[in-house]
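Hi,

Here is the structure I said I would pass on. Have a look first, and my notes on the packing follow below.

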Amino acid sequence: MYKIAIYGKGGIGKSTTTSNLSAALALQGYRVMQIGCDPKADSTKNLMKGRRIPTVLDQIREKGNGLKLEDIAFSGFSNVICVESGGPTPGIGCAGRGIITAFNKLEELNAYEVYRPDIVFYDVLGDVVCGGFAMPIRGGYADRVFIVTSGEMMSLYAACNISQAIKNFGNRGYAEFSGMILNSRNIENELELVQKAAQEIGTDIVKVVPRSPDVQRAENDGKTVIEAFPDCEMAKEYLDLASKVMEVCGHE
């Protein structure tokens, strides 16, 4: 089982990237699970025809000990298993603790044994790398971590913070930092800026994902590009990204 965490600053396109990765690999015959680790709970909606699924935390609050696996895991495009950890009521509680609670519940319900995924993607908000949001790195969940970034200053700043957290935990034998994914915003000298940041961090750019209106067009219909426009150039870019991610993860 390949266990991969995708981190990035909020709004940088990590959920779009992760969902298209999930869709691309599912079409190639892999059994894929995508776990959204963001209080907004919008990681998987484009795999679910635009529908927001019930979150683990909401279902725990509603059903308590009667919670079943089918209450929190849903089949999306090409049978991708979709889960959203969710978050606390705004202004009350800690979103990081919510991720820990959700992960514990998935283990308690034997989610990985029941669904037996080939690939698990953890889509993790990277603005704050507190203990809860670092759970996929340090808890023995993810084996590999990729950071989605652009050439914008705050995106690169977040990428630097995330990479530092990965290095801190990497010394303990946890997840390995496996590279950056440049989700282009078409700003001036973007590639050079991200290349410089990657060099300073000590990593590589796995793939430059170009900007395309097909992404927004697909998401307006509640779909990934892979589902909505499978023959377009952008779909080919995501398929290439999927191949490169799997190559980095050691799949021949």
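This is a predicted model: local features need pLDDT of at least 70, side-chain atom pairs count only at pLDDT 80 or more; totals for chains, interfaces and linings use all residues.

The largest nonpolar core has 47 residues, and those with the most contacts inside it are Tyr 7, Ile 35, Phe 103, Tyr 112, Tyr 122 and Met 180. By nonpolar core I mean a set of buried Ala, Val, Leu, Ile, Met, Phe, Trp, Tyr and Cys residues joined through side-chain atoms within 4.5 Å; buried is under 20% relative accessible area, with a 1.4 Å probe and protein chains only. Helix 3 gives this core its largest share, six residues. There is also a second, separate core of 37 residues, with Met 48, Phe 146, Val 206 and Val 215 among them.

Residues are numbered from 1 along each chain as its sequence is written, and side-chain values use heavy atoms, leaving out hydrogens and water.

Now the helix pairs (helices are DSSP runs of H or I, at least four residues, numbered from the N terminus). Helix 1 (residues 14-27) packs on helix 10 (residues 233-248) at about 85 degrees, axes 9 Å apart; axes are lines fitted to C-alpha atoms over the stretch in contact, and angles run from 0 to 180 degrees between N-to-C directions. That makes the two roughly perpendicular, a label covering 65 to 115 degrees.

Helix 2 (residues 56-63) and helix 3 (residues 95-108) cross at roughly 70 degrees, their axes coming within 9 Å, so helix 2 is roughly perpendicular to helix 3.

Cheers

Conventions: Angles under 35 degrees count as roughly parallel, over 145 as roughly antiparallel, 65 to 115 as roughly perpendicular and the rest as oblique. Buried means under 20% relative accessible area, exposed over 50%, partly exposed in between (1.4 Å probe, protein chains only).
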